Amino acid sequence: MNLKDLQLAELENFIKELGQPKFRAKQVFQWLYKDGGVTEWDQMTNVPKALREKLAEEADLGILKMLQVQKSKLDGTRKYLFELQDGNAIESVFMKYKYGNSICVSSQAGCRMGCKFCASGMDGLVRDLTPGEIIGQILAAEKDTGERINHVVVMGTGEPFDNYDNLAGFLRLLHDPNGLNLSLRNITVSTCGLVPGIQKFAEDFPQVNLAISLHAPNDEIRCRTMPVSKAYPMPELLSACREYAEKTGRRVTFEYTLIKGVNDQKEHAEELVQRLRGMLCHVNLIPLNTVKESGFDTTAKKDAQAFQALLESKGIPATIRRELGDEIDGACGQLRLTNRRK
Ligand code: SAH
């Protein structure tokens with residue numbers, strides 16, 4: 001059992017079962033998250049030795065093994081390859097911004113959404129990650145960098161709403177004042193558009209930011225790159241987004257990857273404006289990061305700028321994402337295991 005999969009209340013029950021007083025659970029819990037978390041049971045210095053030994057017999061600290069780290073010389077980005085207990089490997093990306101440190105975490109090993117331009121799903125889904133495995137990525141990066149991470153984006157490998165319960169457990173752990181104590185407003189979850197997940201998320205986590213990978217102005221184009229669009233067509237998706245914005249009062253971020261000749265022309269921008277009109281939203285334009293096998297090309301810089309200008313002129317806030325970590329294959333959609341363990 002990975003102790004990091006447990007919420008504080010669950011750890012309290014577990015410790016009670018071991019015949020120990022409840023307050024010990026809080027002490028143990030705090031050690032799991034302090035400064036990247038303890039790596040040895042004996043580092044829990046205020047926990048009696050007998051309890052430490054019992055815990056060591058019954059449970060695991062859930063530490064991710066760092067297999068590899070690539071550091072960008074240009075911008076301080078670090079891309080990690082971590083090994084899970086069962087030998088599978090996952091990736092995370094640490095980024096430095098003016099406003100603080102941010103990490104992009106994976107929610108699944110592999111992905112079954114099959115977006116055509118994305119490297120992460122090329123081998124399909126291997127398995128869901130547990131809450132402890134998702135939070136473990138943050139802790140391992142804090143340990144490695146010696147720095148606190150204050151922003152988290154669930155935009156690594158995997159579709160978070162295809163692993164909803166574990167995602168929810170992870171968000172609760174991340175927010176726990178005895179753990180990493182991260183403000184929900186500093187967390188963003190990105191989905192390719194699983195509508196039931198969006199509806200549930202609006203109920204469960206109205207303070208967490210929501211990003212939608214839209215990438216097209218209509219279903220005809222969207223279906224060419226994102227098979228999920230067949231199950232949840234755009235009208236349904238956008239109406240779920242409108243409901244989310246109304247219910248939560250929060251701006252929805254639409255991610256829009258610009259692909260040369262596919263979705264980056266003036267008519268596409270105009271159609272997008274029609275679709276998003278009146279919605280509390282923001283469009284984040286991402287020049288496609290080329291993935292060799294996909295056969296898609298990135299947009300020309302001037303087309304990206306024209307696209308942005310058109311959206312802005314029609315009152316839709318739009319930015320072009322600054323790319324970090326491109327030269328270490330750590331940019332959006334480039335995460336892919338080159339050395340799969342199993
Ligand atoms: N499954 C979730 C989160 C992971 S993908 C989702 O779809 O939102 C994170 C973001 O990277 C998504 O917006 C995804 O569409 C985008 N992405 C994937 N491949 C890309 C590529 N080659 N270039 C740019 N962005 C890409």
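The C-alpha centres of domain 1 and domain 2 lie 33 Å apart in this predicted model. Domain 1 runs from residue 3 to residue 58, and domain 2 covers 65-340. At the interface, 15 residues of domain 1 are in contact with 15 residues of domain 2. Together the two domains bury about 1200 Å² between them, and carbon and sulfur atoms account for 57% of that area. Which residues of domain 1 lose the most area to domain 2? They are D5, Q7 and Y33, which together make up 45% of what the domain 1 side buries.

Let me now turn to the ligand. Its shell holds 20 residues, of which G158, S190, S213, H215 and N289 come nearest. By class, the shell residues divide into nine nonpolar, nine polar and two charged. As for secondary structure, two strands, β8 (187-191) and β10 (252-258), each supply at least two residues of that shell.

The side chain of E159 places an N or O atom 3.0 Å from a nitrogen atom of the ligand. For the side chain of T257, the corresponding distance from an N or O atom to a ligand nitrogen is 3.4 Å. How much of the ligand's accessible area does the protein cover? On its own the ligand has 530 Å² of accessible area, and the protein covers 96% of it.

Methods: Residues are numbered from 1 along each chain as its sequence is written. This is a predicted model: local features need pLDDT of at least 70, side-chain atom pairs count only at pLDDT 80 or more; totals for chains, interfaces and linings use all residues. Side-chain values use heavy atoms; hydrogens and water are left out. A residue is near a molecule or strand if one of its heavy atoms lies within 4 Å of it. A polar contact is a pair of N or O atoms within 3.5 Å; within protein, one must be able to donate a hydrogen and the other to accept it, and residues adjacent in sequence count only if both atoms are side-chain atoms. Accessible areas come from the Shrake-Rupley method with a 1.4 Å probe; for residues, only the protein chains shown count as cover. Helices (H or I, at least four residues) and strands (E, at least two) are DSSP runs, numbered from the N terminus. Ala, Val, Leu, Ile, Met, Phe, Trp, Tyr, Cys and Pro count as nonpolar, Asp, Glu, Lys and Arg as charged, and the others, Gly among them, as polar. Domain bounds come from an automatic or database domain assignment. Contact means heavy atoms within 4.5 Å. Buried area is the accessible area (1.4 Å probe) that two parts lose on being put together, summed over both.
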